[in-house]
Amino acid sequence: MPVIRHPPGEPIADLSVVIPTLESSESLAPLLHCLAGVASDICVVDGHSHDRAATAACAHAHGARFATASRGRGTQIRAGCSLTSRAWILILHADSSLPPEWADEARAFITAPRRLRHAACFRLAFDEDSRPARRTAALANIRTRLFALPYGDQGLLIPRLLLEEIGGYRELPIMEDVDIVRRIGRRRLHLLRTAIRTSGARYRRDGWLRRSLRNLFCLALWFGGMSPERIRRFYETADREAAARRSQ
């Protein structure tokens with residue numbers, strides 16, 4: 001993903017950013033460039049990656065704090081939130097990037113009256129303009145608008161007051177994004193106009209349709225009452241089987 005340089009803007013004083021990472025040293029820098037000059041309180045929380053030294057160096061080079069936590073986005077995000085202090089928290093995945101207009105829309109949302117009990121996420125886009133990528137993003141955005149079920153890749157902008165009120169992120173091995181937005185509730189979750197651009201590497205690797213169907217199946221398992229640990233095992237088994245097919 002190319003480095004994206006934005007013109008400096010006014011910092012959002014009330015905003016902390018939490019970025020969970022896992023083997024993310026090569027994808028983190030472009031995201032931190034997007035945040036430069038806008039967010040001054042950034043915490044990168046690594047899940048004990050093999051490349052955590054490089055991830056730490058990248059975080060420090062961009063003025064972010066670095067911490068480690070047990071592997072699992074829910075656990076890492078919860079740890080990062082506890083290390084920040086601003087009134088609003090923006091959760092982002094490390095393989096994403098934001099366009100220049102994100103800061104103005106985030107600032108407007110944060111400063112709007114009666115927003116201290118509301119959260120927001122970005123529209124989804126991928127780092128390629130192919131038909132499968134556009135279709136996958138469009139379906140995700142429709143799902144978000146109709147059912148308030150965004151991907152974790154879409155980020156989450158949430159006031160600390162609301163996050164604490166609903167009990168924060170749970171230390172889940174998977175589906176932490178679905179769990180948190182369900183507890184926020186559809187009436188309190190807003191879809192922003194700005195599109196966040198995330199990596200389509202896993203979709204390209206596994207096939208856009210296959211990967212999308214697997215994600216939907218995991219979502220169905222969650223709503224069917226399966227434990228997050230069993231869903232994680234299914235997900236990782238599917239990853240291993242996909243790797244075996246590619247090696248044949």
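A crossing is taken as right-handed if the near helix is turned clockwise from the far one by less than a right angle. In the predicted model described here, the crossing of helices H7 and H9 is right-handed in this sense. The axes of H7 and H9 come within 11 Å and cross at roughly 55°; H7 and H9 are therefore oblique to each other. On the H7 side, Val178, Asp179 and Arg182 take part, and they meet Leu219, Trp222 and Phe223 of H9. The contact of H7 with H9 comprises four nonpolar and two charged residues, with no polar residues.

Helix H9, spanning residues 208-223, also packs against helix H10, which spans residues 228-247. The angle in this case is about 165°, and the axes lie 10 Å apart. Because angles over 145 degrees count as roughly antiparallel, H9 is roughly antiparallel to H10. The crossing of H9 and H10 is right-handed. From H9, the contact draws on Arg210, Arg211, Arg214, Asn215, Phe217, Cys218, Leu221 and Trp222. These residues meet Pro228, Ile231, Phe234, Tyr235, Ala238, Asp239, Ala242 and Arg245 in H10. By class, the contact of H9 with H10 contains 10 nonpolar residues, five charged residues and one polar residue. Trp222 is listed in the contact with H10 and also in that with H7.

A further helix pair is formed by H1 (residues 28-35) and H2 (residues 52-61), whose axes come within 10 Å and cross at roughly 15°. H1 and H2 are therefore roughly parallel to each other, and H1 passes H2 in a right-handed crossing. Leu28, Ala29 and Leu32 of H1 make the contact with Thr55, Cys58 and Ala59 of H2. Five of the residues in the contact of H1 with H2 are nonpolar and one is polar, while none is charged.

The largest pocket has a volume of about 1400 Å³. Its lining consists of 43 residues, of which Arg73, His93, Arg202, Arg211 and Tyr235 are the closest to the pocket centre. Two or more lining residues are given by each of strand S1 (15-21), helix H3 (73-83), helix H7 (176-184), helix H8 (201-206), H9 and H10. Among these elements, H9 gives the most to the lining of the largest pocket, with five residues. The lining of the largest pocket divides into 18 nonpolar, 15 charged and 10 polar residues. Arg211 and Tyr235, both among the residues closest to the centre of the largest pocket, also belong to the contact between H9 and H10.

The second largest pocket holds about 210 Å³ of space. Its lining is made up of Arg135, Thr136, Leu139, Ala140, Arg143, Tyr151, Trp208, Leu209, Ser212, Leu213 and Leu216. The elements that give two or more residues to this lining are helix H5 (131-147) and H9. Seven residues of the lining of the second largest pocket are nonpolar, two are polar and two are charged.

The structure holds one cavity of 30 Å³ or more, and the volume of the largest cavity is about 110 Å³. Of the 14 residues that line the largest cavity, Gly152, Gly155, Leu156, Tyr169 and Asp177 lie nearest its centre. H7 supplies the largest share of this lining, with four residues. By class, the lining of the largest cavity has nine nonpolar, three polar and two charged residues.

How values were computed:
Residues are numbered from 1 along each chain as its sequence is written. This is a predicted model: local features need pLDDT of at least 70, side-chain atom pairs count only at pLDDT 80 or more; totals for chains, interfaces and linings use all residues. Side-chain values use heavy atoms; hydrogens and water are left out. Axes are lines fitted to C-alpha atoms, for helices over the stretch in contact, and angles run from 0 to 180 degrees between N-to-C directions. Angles under 35 degrees count as roughly parallel, over 145 as roughly antiparallel, 65 to 115 as roughly perpendicular and the rest as oblique. Contact means heavy atoms within 4.5 Å. Ala, Val, Leu, Ile, Met, Phe, Trp, Tyr, Cys and Pro count as nonpolar, Asp, Glu, Lys and Arg as charged, and the others, Gly among them, as polar. On a 1 Å grid over the protein atoms alone, a cavity is a set of points where a 1.4 Å probe fits but cannot get out, and a pocket is an open set with protein on both sides within 12 Å along at least five of seven lines; lining residues have an atom within 4 Å of a point. Grid points are joined across faces, edges and corners, and a volume is the space filled by probe spheres set on the points.
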